[in-house]
Every structure is written in structure tokens, then in C-alpha cells.
Amino acid sequence: MKTPQSEADLADIIKGANAPFALRGGGTRGIPAHGTPLHLGSLTGVTLYEPGALTLVARTGTAMAEIERVLAAENQRLAFEPMDHRGLLGTDGEPTIGGVVAGNVSGPRRIQAGACRDFLLGVRFVDGSGTVIKNGGRVMKNVTGYDLVKLMAGSWGTLGVLTEVSLKVLPTAETEATLSVQVPSATDAVRVMSSALGSPFDVTGAAYRPDQGDAVIRIEGFNDSVRYRTGKLKDLLGGFGRVDANGDPEASAQIWRDIRDVAAFHDAPGDVWRVSVKPTDGPDVMSRADGEGALMDWGGGLVWLRLLPGTDLRARLGAFDGHATLVRANADTHARLGTFQPEPAALRSLSRGLRERFDPRGLFNPGLMETAVEA
């Protein structure tokens, strides 16, 4: 096990390496990487925070809880509301900002605000030669040249070891409300969500909960605006089924935390898959999967599925326009089926070329994304 105490220490460890590393942050996401554990938990601390410039810079081992506390003191937040995997995966530890960026981890607000990579302004990382690389800046207009910032988001540590990230932050909404529309099927839920997202009422979340038989819609902003938009959306969506409005901001926030963290699957047995598709294809994916449980997010474009252990969802779905990631399963199932969706040949060649450029010795999470793609 290696535990670098600084970026310079990390660079020296990588320069002298003669065997692969399995990168570890807070240990909450259960990624099945192989090699000597390289723990990054000592690279901590918010190094710059400028609330007026909506900018935060932090070392990658910094706990998400610390970042959220710092932002909350100034009534700000990470608008892409990253998921907390601990309940779903049964893991301990503390989620870190480096893990969030490495996985491009993004929550329900992605459909309106964007993903983690859309808020990433700059990165520092150590490549496979032990060289420290900086790309991007601390304000959006300074991001120039080869955009390693976007490339590192979602690379799962296979291109380099992140040491510091710069992020755009946004003000916290004054209040929020959630509308619940009773629907008889996933197809009807997609119609409800599409109607709400296509409206002028600035919806920031749209999900379908089959276990509760409803599509839920989130509205955020100033009190008067939320009240007005809630009324308009009730009128708009009333033709689909009974509409209930929950104007309690704490209760609404809990609904969306549960959706973000897939709470419906926390205590339920089975493997968990995450499928990205066109929203209109979501109901068909659910039907073909024939699983034990389901949840739709992002207006139907993200489908969470719970299946019997060992089920090959990709084989069950056959050809489809999207990709399926195995999120929760035992090590044997991960090894047999692969965590990530196999890439088409052309994309696989491009991905391999990038890994050879940044990690020519194959030191970082080897094999993890050899035939993989992530949203």
C-alpha cells in the first residue's frame, strides 16, 4: 500500500513504480481495480474558495462533507448534486471530490444544470511518467488548448492520478417543491416528464418511481417563483393523472436525495445496473430487462435496474442505443461480465491510444476500462 503525503510525493512514487496501482480515494464506490493500493486520502484541503467568483479549488482527497460545509456557509452548492454510493453498495468511508470527478458522478439535476464535467474548470494530475500536468484554469474563460479537464472527468483514474480540481459552484435555491403525478406505466411517466421538461417552468428534476406508481417533478428557485410554477405545472400535468404538490422544501429535498442515491435498492438483494438511453427508450429497456426493481431518472434517460445475481443484462437487452454499467455485483460477476459497456472498435482504439499516451506503462487501474465507456 502506498499513501502519498503530497503531490510531489505522489510523483516520486509513480516515477519509481514497477507494478500497477489500484487508485483509492474514500473507498465508497467499489470499483474492482487491481494492483497495489494507492491511497490518496492524505491529499486534502480546500486550497481556494472565492464565493463572489463562484469558484472552489480543492485537493482530490478532500471529503465531500467538508466541501459541502464550506459551500453551505456561503449559501452555495455543487449544482450537479453528486450521488452518495454508500447506501447502494454497502460501503464505508467518506466520498471525496476526486472520486466524484474521476467518475463524473452526477445526480438528478444533471438534466437541467449539467454533469460534473460541465462544472470542472481545471485539473492537476500526475501522469504515468510521474509528470505533474495542469490544464484549465480557475475561471471558465481560461480553459484553452487540449481539454484534459473534460477528458479526466469520467476516466476513472485510468489516465492519471488527480491531485487538485477547480470547480464552478452556484447559489443554493431559496426553496423547492415536488409534484407527484400518478401514472399507470413507464410510458405514461415518460410522457409526463417530457411534458414538464418541455415547459417554460424550469424543471430541475424528473424521475419515475415504479414502486410508488408516480412521476415526480422538481421545481427550485425563489419562493414566489416556485409557487407560481408549481401551480402552472399542476394545470399542465393534470390531464395525465392525479397531481399532488409537496411544498415542504425539506420533504422535497429528501425525495430527491432518495432518487439520487437509489434508496429504493439499498436494502434489496440483487445486482444493480445503470443504463443510459434515450428517454423514449427507457420503458422498452425496463420491459426487456424484466428485473426485480427499477427507477428512472433524467426524464427517463437514466434507468436503474435491480436484477437477480449474475444476470447478464447486456445479453438480455441485446442491441440497444445506449450503454449499461454494472454498479453492484460480486467480484466474480464483475470479472465475468465487465463493469462497463464494451466499446465499438473505433472508440476502443481511440481510448487505448489515450491510455498509452498518458499511462504508457499501464500503472493506473489496469484493465478497468479496456473495453469500457462511461456517460
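Me: What makes up the accessible surface of the protein chain in this predicted model?
Reply: The surface comes to about 15,500 Å², and carbon and sulfur atoms account for 50% of that. Of the 375 residues, 54% count as buried.

Me: Why is R109 called buried rather than exposed?
Reply: Buried means under 20% relative accessible area. R109 has 6% relative accessibility, so R109 counts as buried.

Me: What makes R109 and E81 a salt bridge?
Reply: The cut-off is a side-chain nitrogen of Lys or Arg within 4 Å of a carboxyl oxygen of Asp or Glu. The closest N and O atoms of R109 and E81 are 3.9 Å apart, so the pair meets that limit. R109 sits in the loop between α4 and α5, and E81 in the loop between β5 and α3, 28 residues apart.

Me: And why does E220 with R109 count as a salt bridge?
Reply: Here the closest N and O atoms are 2.9 Å apart, which is within 4 Å, so the pair qualifies. The pair links distant parts of the chain, with E220 in strand β12 and R109 111 residues apart. E220 is at 7% relative accessibility, so E220 counts as buried.

Me: Why are D284 and R288 called partly exposed?
Reply: That class lies between the 20% and 50% cut-offs. D284 is at 39% and R288 at 30%, so both fall in that range. Salt bridges that share partners also join R77, E81, R109, R218 and E220 into one network.

Key:
Residues numbered from 1 in each chain as written. Predicted model: local features only at pLDDT ≥ 70, side-chain atom pairs only at ≥ 80, totals over all residues. Heavy atoms only, no water. Buried < 20%, exposed > 50% of the residue type's maximum accessible area, 1.4 Å probe, protein only. Areas by Shrake-Rupley, 256 points an atom, 1.4 Å probe, with all protein chains shown as cover. Helix = DSSP H or I, 4+ residues; strand = E, 2+ residues; numbered from the N terminus.
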